[in-house]
Amino acid sequence: ATLEQLKGVPAVASRLRARRAAAADGDDVCCLVVHDYDWHATGAPQRILGSLETSTHASVLLRLPRGRHVLQLTVDPGFYFSASARSATPFDMDEPATLLREKALAAPAVCEGTYGALSPNDFVVWFRRKFTVSEPKTLASMCLEIGDPKASPFARFAVVDDDSGETTHFVAGAAPPRSFAPNERGYTLMAYAKTLVALDSGRWRLSALTEKPLASFETDEPPGTGPEDKELFEGTYEPNYALTVCRFRVAVKKPALLSFHLECSVPCGFKAVLVLPEEGWETKQAEYLRGGHQGHLHGETLRRWNAYAALTVPAASLEATEGESYLVFEAKLAPERCAFAVEANGDVPAPISWKLTTYSTEKADTTWTPDDARARYFETTVSGWNAKDAERAAA
């Protein structure tokens, strides 16, 4: 019940509407409204207990019943303010996390940070934090707060089971309580954004409330896991019979959580796969193409996605690749979902540029290498033709 009450705290401000005097200038008057709040039935503000409207200072007397209450102050950026509370009877007031911990009402875990300025269409992973649980059934409620209201609509966060790879996504704000069980590798909390407009730098705050303390919770950013620890690849689609847009070899040193975003300059349908390739796949003949072209992907498909114009994969858990082995990520055009004609030889009416942004649990753990198997096959074929032409010319 305590978690159900507390998870609504960040949403209180969005539900409260300041009551302003009719003659007051909105740019010169600061307003404060105190509501009674229904924590159980409706989760909404009730009667007004008191209000302040002032351009300098003011005070108000409130009579509050015994119990838990929330004081929410909303101040526009750039304004200096000072607020104090006094009472004739003893009371406790502090930051929620501090008070909850001291009073043993819940076990909070909090971490904070900043994000840099973003350009339109940027994909960024703001942070990753691992945590573990020791109790057989740990009920936890997570909340991601973004200081800039312009950035909040683009922010998402997710909870990933690092054993099974199961991922649950949430929009910024308070998420419903969820039960966690002990596992081998723990869980990862991550936040990411795909922007549509330019955004200034800002702050984020992640909080977790549990009935019992977490076994561990990363509050600091581990090295190599920041928003700047990414790889960016760009290119242009070259018409080909296989309709391949791009292809990469992915080597994973240890179990990792990948995040990546692929987008094209022209809205088009495409499909992407992550494959564990067969040995010798680079030289295996392609049975579906006349002439037996080589360099086509063969192997076990581990992941498959269909997308239009852009593909965002916030979390994909992968096991380590052994020795010199690797996985292959490949994206191909899907002609049936393109708004333009795709010829049999892969020709398209206009050039298509693509951009791939990738993140890993730690940047050094994962290597993305552009694959050139088909290019090497074509180069070998052309060289063979030229050599035979030279032999025929010499004869």
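Reader: How many disulfides does a search of the whole structure find?
Author: This is a predicted model. A disulfide needs two cysteine sulfur atoms within 2.5 Å. For C264, the nearest cysteine sulfur is that of C268, 4.1 Å away, and C264 is in no disulfide. Over the whole structure, the number of disulfides found is zero.

Reader: Is C264 buried or exposed?
Author: Buried means under 20% relative accessible area. C264 has 12% relative accessibility, so C264 counts as buried.

Reader: And C111, buried or exposed?
Author: The cut-off for buried is again under 20%. C111 comes to 2% relative accessibility, so C111 counts as buried.

Reader: How much space lies in the largest cavity?
Author: The structure holds one cavity of 30 Å³ or more. The space in the largest cavity is about 40 Å³.

Reader: Which elements give two or more residues to the lining of the largest cavity?
Author: The lining includes T358, Y359, T366 and W368. Strand β20 covers 353–359, and β21 covers 366–370. The elements that give two or more residues are β20 and β21.

Reader: How many residues of that lining are charged?
Author: Asp, Glu, Lys and Arg count as charged. D229, K230, E231 and K363 are among the lining residues. Two lining residues are nonpolar and three are polar, while the charged ones number four.

Reader: With which side chain does the side chain of S360 make a polar contact?
Author: S360 sits in the loop between β20 and β21. At 6% relative accessibility, S360 is buried. Beyond four places in sequence, its contacts are R128, A256, L257, L258 and T366. The polar contact, at 2.7 Å, is with the side chain of T366.

Definitions and conventions. Residues numbered from 1 in each chain as written. Predicted model: local features only at pLDDT ≥ 70, side-chain atom pairs only at ≥ 80, totals over all residues. Heavy atoms only, no water. Helix = DSSP H or I, 4+ residues; strand = E, 2+ residues; numbered from the N terminus. Buried < 20%, exposed > 50% of the residue type's maximum accessible area, 1.4 Å probe, protein only. Polar contact = N/O pair within 3.5 Å; in protein donor to acceptor, adjacent residues only side chain to side chain. Contact = heavy atoms within 4.5 Å. 1 Å grid on protein atoms, 1.4 Å probe; cavity = no way out; pocket = protein on both sides within 12 Å on 5 of 7 lines; lining within 4 Å. Points joined across faces, edges and corners; volume = space filled by probe spheres on them.
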